[in-house]
Amino acid sequence: MTKAELVEFIAENADLTKADAARALEAVVEGVTEGLKKNGKVTLVGFGTFNAKKREAHMGRNPQTGEAVEIAARVVPSFKAGNKLKDALN
């Protein structure tokens, strides 16, 4: 599902215009992003948990040249699905 399809789905199910649904989706995405920046964790009960994980610096290889390159430390997002989401898929 693309972002446009998700906006359309939200608009139909929440009885909103597409513009309102798009703003609502943007607000949710921005809220999750800010929550990860501030607290490192955002939990949506029944849906899942977003975490900000620290990835240490490590050595990698350039696939074209085989040359060793250092990959800098960074923070990456991760998601763990909640039980309700898992049950809905099975």
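Buried means under 20% relative accessible area, exposed means over 50%, and partly exposed lies in between (1.4 Å probe, protein chains only).

## Basis of the model

This is a predicted model: local features need pLDDT of at least 70, side-chain atom pairs count only at pLDDT 80 or more, and totals for chains, interfaces and linings use all residues. Residues are numbered from 1 along each chain as its sequence is written, and side-chain values use heavy atoms, with hydrogens and water left out.

## Helix α2

In α2, the buried residues are Ala21, Leu25, Val32, Gly35 and Leu36. They cover an arc of only 100° around the axis, so they sit on the same side of α2. That arc is taken from the directions from the helix axis to the C-beta atoms. The face turned away from the buried side carries exposed residues: Arg23, Glu30, Lys37 and Lys38. Helices (H or I, at least four residues) and strands (E, at least two) are DSSP runs, numbered from the N terminus.

How far apart are the end C-alpha atoms of α2? They are 31 Å apart. At 1.5 Å a residue, the 22 residues should span 32 Å, which agrees. The expected span is 1.5 Å times one less than the number of residues.

Ala22 also lies in α2, which covers residues 18-39. At 27% relative accessibility, Ala22 is partly exposed.

## Aromatic pairs

The whole structure holds two aromatic pairs. Rings of Phe, Tyr and Trp (its six-membered ring) pair if their centres lie within 6.5 Å; planes under 30 degrees apart count as stacked, over 60 as edge-to-face, and the rest as tilted. The rings of Phe47 and Phe79 have centres 5.5 Å apart and planes at 50°, so this pair is tilted. Phe47 lies in the loop between β1 and β2, and Phe79 in strand β5 (residues 74-81), so the pair ties together parts 32 residues apart in sequence.

Phe50 and Phe79 make a tilted pair too, because their ring centres are 4.8 Å apart and their planes are at 50°. This pair links distant parts of the chain: Phe50 is in strand β2 and Phe79 in strand β5, 29 residues apart. Phe47, Phe50 and Phe79 form one aromatic cluster.

## Nonpolar surface patch

Leu44, Phe47 and Phe79 make a nonpolar surface patch of about 250 Å². Phe47 is partly exposed at 39% relative accessibility. Phe79 is partly exposed at 38%.

Patches are made of residues with over 30% relative accessible area and no salt bridge: like charges are joined within 9 Å, nonpolar side chains (Val, Leu, Ile, Met, Phe, Trp, Tyr) within 5 Å. A salt bridge is a side-chain nitrogen of Lys or Arg within 4 Å of a carboxyl oxygen of Asp or Glu. Accessible areas come from the Shrake-Rupley method with a 1.4 Å probe; for residues, only the protein chains shown count as cover.
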